[in-house]
Amino acid sequence: MKITPQDSKDCLSELKQETMADPFLMIIFGGGGDLSCKQLIPSLVRLFKGQQIKEFSSIGIGRTPMTDREYRDKLKNYLKHKLQSNFDASIFEQFSENIF
């Protein structure tokens with residue numbers, strides 16, 4: 001069976017129409033590390049901004065002691081630098097209420 005580009009578009013369209021994810025808890029080992037800052041958190045923010053996730057909590061665990069506020073500030077500063085003009089402070093503030 002050959003998969004056509006239209007098949008891919010149809011599949012992507014179906015994924016975009018999915019309902020919001022069920023509530024979940026994500027524990028990130030190495031929460032302050034590169035993978036978390038560069039991949040996991042930006043992906044979660046995109047899902048949150050697209051209203052694909054709403055009720056969730058994410059707990060970052062790492063070797064460097066940080067308060068919740070310090071962890072959120074670290075992520076915010078990284079995202080501001082990475083996303084620059086695409087960074088939405090109000091979305092991040094709502095999102096960060098779920099980050100510990």
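Isoleucine 99, in this predicted model, touches Ile41, Phe56, Ser58, Tyr71, Arg72 and Leu75 when residues up to four places away in sequence are not counted, a contact being defined by heavy atoms within 4.5 Å. Residues are numbered from 1 along each chain as its sequence is written, and side-chain values use heavy atoms, with hydrogens and water left out. Because the model is predicted, local features need pLDDT of at least 70 and side-chain atom pairs count only at pLDDT 80 or more, whereas totals for chains, interfaces and linings use all residues.

Ile99 also belongs to the largest nonpolar core, which has 16 residues and in which Ile41, Leu75, Phe95 and Ile99 have the most contacts. Such a core is a set of buried Ala, Val, Leu, Ile, Met, Phe, Trp, Tyr and Cys residues joined through side-chain atoms within 4.5 Å, where buried means under 20% relative accessible area, exposed over 50% and partly exposed in between, with a 1.4 Å probe and protein chains only. Two or more residues are given to this core by each of helix H2 (34-49), helix H3 (68-83) and helix H4 (89-96), and the largest share, five residues, comes from H2. Helices (H or I, at least four residues) and strands (E, at least two) are DSSP runs, numbered from the N terminus.

Helix H3 has 16 residues and reaches 22 Å from its first C-alpha to its last, close to the 22 Å expected at 1.5 Å a residue, the expected span being 1.5 Å times one less than the number of residues. Within H3, Tyr71, Arg72, Leu75 and Leu79 are buried; seen down the helix axis, the buried residues fall within an arc of 95°, so they line one face of H3, the arc being that of the directions from the axis to the C-beta atoms. The cover over these residues includes H2, strand S2 (56-61) and H4.

Six aromatic pairs are counted, under a rule by which rings of Phe, Tyr and Trp (its six-membered ring) pair if their centres lie within 6.5 Å, with planes under 30 degrees apart stacked, over 60 edge-to-face and the rest tilted. Phe48 and Phe95 form an edge-to-face pair, 5.7 Å centre to centre with 70° between the planes, and this pair links distant parts of the chain, since Phe48 lies in H2 and Phe95 in H4, 47 residues apart. The rings of Phe92 and Phe95 have centres 6.1 Å apart and planes at 45°, so this pair is tilted. Phe95 is buried at a relative accessible area of 0%, as is Phe92 at 3%.
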